[in-house]
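I set out to record what can be read from this model, from the whole chain down to single residues.

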Amino acid sequence: MFVMELTYIAPIDRIEAALPEHVAWLDSHYASGVFIASGRKDPRDGGVIIALGDDRTKIEEIAKSDPFSVAGVCEYTITKFFATKTAEPLEQYRETLPS
């Protein structure tokens, strides 16, 4: 799994202008099964996406294709982690640590 943290680097009016395309981009990655959760940070200075996968390069490519990235209004920090413990409804996403 990956935590994809977005940090806005542009005024909120530029974020709002790119938001409809960003939401459509999110929807496409939910439909493909890569994204399992996302939302705005509070305060509203960015957002967080939880993504499934084991290929960091693929996740980085997905981040670069975000309309927010293309418009130059956000930067990403991507952190890989192993979901070794989850709430019961997320049990299907549990992972074991690599040996």
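**Basis.** I worked from a predicted model, in which local features need pLDDT of at least 70 and side-chain atom pairs count only at pLDDT 80 or more, while totals for chains, interfaces and linings use all residues. Residues are numbered from 1 along each chain as its sequence is written, and side-chain values use heavy atoms, with hydrogens and water left out.

**Elements.** I looked up the secondary structure and found 3 helices and 4 strands in the chain. Helices (H or I, at least four residues) and strands (E, at least two) are DSSP runs, numbered from the N terminus. From that terminus on, their order is β-α-β-β-α-α-β.

**Dimensions.** Along the principal axes, the C-alpha atoms fill a box of roughly 45 × 25 × 25 Å.

I recorded 32% of the 99 residues as buried. Buried means under 20% relative accessible area, exposed over 50%, and partly exposed in between (1.4 Å probe, protein chains only). Of the contacts (heavy atoms within 4.5 Å) with a separation of 6 or more, 65% come from residues 24 or more positions apart.

**Strand pair.** I then examined strand β2 (residues 35-40) and strand β3 (residues 46-51), which pair in the antiparallel sense over 5 bridges. Pairing requires that DSSP find at least two bridges between two strands. A hairpin through 5 residues joins β2 to β3, and F35 stands opposite A51 in β3.

**I15.** Is I15 buried or exposed? I15, in helix α1 (residues 12-31), has a relative accessible area of 0% and is therefore buried. Leaving aside residues up to four places away in sequence, I15 touches Y8, A10, R44, F68 and V73. I15 and V73 are 58 residues apart in sequence, yet their C-alpha atoms are 6.4 Å apart in space.

**R56.** I next looked up R56 in helix α2 (residues 56-65). Its relative accessibility is 35%, so R56 counts as partly exposed. With residues up to four places away in sequence not counted, R56 touches F2, I78 and K80.
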